[in-house]
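Please view the sequence and structure below before reading on.

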Amino acid sequence: MSRSLDVLVVGAGPTGLALALQAAAHGARVRVVDGRARAARPSRALIVHARSLEVLRPLGVTADLLAEADTAPSVELHLGRSAVPVRLGDLAVPDTAFPHLTFLPQQHVERVLAAALADRGVQVEWSTQLVAADDGPEDVAAVVRRNGGEEVVHCAALAGCDGVGSTVRAVAGIGWPGARARVEVVLADVDLAGELTAGAAHVGAGRRGLLMAFALGEGAPWRLVATRTAPDRLPAGVGGPALPADELQELLDVAGLPARVTDVAWSSRIALQHRLATAYRAGRLFLAGDAAHAWSPAGGQGMNTGVQDATALGWRLAAAAASSAPEELLASYAAERRPVATSTLLLTRLLFWGESATDPVAATLRGTLAPLAAPLLPWVLARRRLVARGFRVLAQLDTGYPGGPLAREGSTPRAGRPHPGDRVPDAPVTCQGREVRLHELLARPGVHVLLDRDAPDPSVTGRFLHVHRLTSSPGRGVVAVRPDGHAGFVSGAVDAELGWWLAAAGAAGR
Ligand SMILES: Cc1cc2nc3c(=O)[nH]c(=O)nc-3n(C[C@H](O)[C@H](O)[C@H](O)COP(=O)(O)OP(=O)(O)OC[C@H]3O[C@@H](n4cnc5c(N)ncnc54)[C@H](O)[C@@H]3O)c2cc1C
């Protein structure tokens, strides 16, 4: 049987689009199906973190993403009678090109990724639902339904990027332990009258929960995001019914925001859950994004983690499709990414407790102690190193895979950073007499081999291989940087092990 497809991506949310784009950029034959009738849907995520921008940069979409983003957002924290301004535009993080919080609605992220994918000849197939899949001896036979008809699609890998209600997860028989949260999120696009500074985001903290008002509404000027105790049991994952204006007004009042709702363009309630898939893979079926993990929106981790799952998996699936021994590469995906989700689940649970819990401790922290501490906040925010540390955690800049199955060290140790598995920092370097930032060199799909000044040339070429000699880096060592910007192989000498990475890049000797 002839198989013409390497990867069938199920789901055209941010995870599926990023995965398809990265796999296609690394030479894979890709299709993307989504059961929705069309691309447009109200944004959920509004925050894109620095690491997501970094991993997307080699795919050529960062400029388009940033073209509509707010990269110097200001936030007003309303704590009791105080309104404390917080500037999030320059966070003193020198090793990234994106040292700022980025406000960018999910809809725009999806639009840019889908356009880049279309430029590579892959159009999302809307109104096309995956209904079944069989991981057979040769390949996966996936059944998709469109306009009442069914098609069997044969592919080397099925990527389940189909959100919290994932069909791929169910077909794969992967467990989904966890629990629903008692608190739900309310979203609304509204017109507001009152005293909110235009352009800034506003955060109000009350005893009953948190409310945020962003100047990023899609049907009206303001987007409200609030937490509240769920009055009933909504189905998980889908948007619930609209809210009357008086319930939205109550949320504003309880959070202490000085504004009046004058019009409601759209609103929805979303049930939340905290869950982690028991595995990220069953044979040729893979999970990424919300299909693999679900948590609260606290800290803006969902879409960002999904994009980073996607850019950990896309190049692997592409390289595996061209490889005769792909198992090691494929097995390493879950080994790297599932532990990241485990710690993100903990982090978001803690943050969400602080944001939304109504137990006496959390309610007192938010409703009583935070207003009392408000005068100290400018002092705390002036501690730039402290703020930068918090930013690095949320932006996932220190997430790495040291000790992971692809973190390899050569026979001779190489002094200094990065270590195997580390995120490669955006350091200033000199390459061929030119002073550049390292991520500028890495901003193309493929494996990047960084040679120290006196390292011998490995004399190889490849479609997805780029060799850079860093004259600013003394020694005879080498670092092989993976397509997702992590150090793979690190060695004080160019030795045989480098060959594994060159093979992954499809390299041949010269
Ligand atoms: C209020 C709120 C605010 C948030 N804010 C942030 C934030 O600021 N930053 C952040 O990083 N994250 C945020 N998130 C989380 C973020 O929205 C999600 O993590 C993100 O949408 C997950 O993307 P995904 O592509 O994995 O899944 P989804 O966006 O759920 O996409 C899954 C896609 O799969 C399709 N699909 C499902 N089943 C099938 C099938 N059988 N066949 C074909 N297609 C199928 C669906 O139609 C859908 O298009 C927020 C979430 C909420 C609720």
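In this predicted model, an oxygen atom of the ligand is 2.8 Å from an N or O atom in the side chain of T15.

| Residue | Protein atom | Ligand atom | Distance |
|---|---|---|---|
| T15 | side-chain N or O | oxygen | 2.8 Å |
| Q106 | side-chain N or O | oxygen | 2.8 Å |
| L130 | backbone N or O | nitrogen | 2.9 Å |

The ligand on its own exposes 1000 Å², and 89% of that is buried by the protein. Two or more residues of the shell around the ligand come from each of helix 1 (14–25), strand 7 (129–135), strand 11 (178–194) and helix 7 (302–321). Helix 7 gives the largest share, three residues.

In total, 32 residues surround the ligand. The closest of these are T15, D34, D290, M303 and N304. Sorted by class, the shell holds twelve nonpolar, 14 polar and six charged residues.

The chain itself is divided into two parts. Domain 1 is made up of the segments 7–68, 100–177 and 274–337, while domain 2 covers 408–509. Their C-alpha centres are 28 Å apart. Where the domains meet, 18 residues of domain 1 are in contact with 20 residues of domain 2.

The size of an interface is often stated as the accessible area lost when the parts come together. Between domain 1 and domain 2, the buried area is about 1500 Å². Carbon and sulfur atoms give 52% of this area.

Technical notes: Residues are numbered from 1 along each chain as its sequence is written. This is a predicted model: local features need pLDDT of at least 70, side-chain atom pairs count only at pLDDT 80 or more; totals for chains, interfaces and linings use all residues. Side-chain values use heavy atoms; hydrogens and water are left out. A residue is near a molecule or strand if one of its heavy atoms lies within 4 Å of it. A polar contact is a pair of N or O atoms within 3.5 Å; within protein, one must be able to donate a hydrogen and the other to accept it, and residues adjacent in sequence count only if both atoms are side-chain atoms. Accessible areas come from the Shrake-Rupley method with a 1.4 Å probe; for residues, only the protein chains shown count as cover. Helices (H or I, at least four residues) and strands (E, at least two) are DSSP runs, numbered from the N terminus. Ala, Val, Leu, Ile, Met, Phe, Trp, Tyr, Cys and Pro count as nonpolar, Asp, Glu, Lys and Arg as charged, and the others, Gly among them, as polar. Domain bounds come from an automatic or database domain assignment. Contact means heavy atoms within 4.5 Å. Buried area is the accessible area (1.4 Å probe) that two parts lose on being put together, summed over both.
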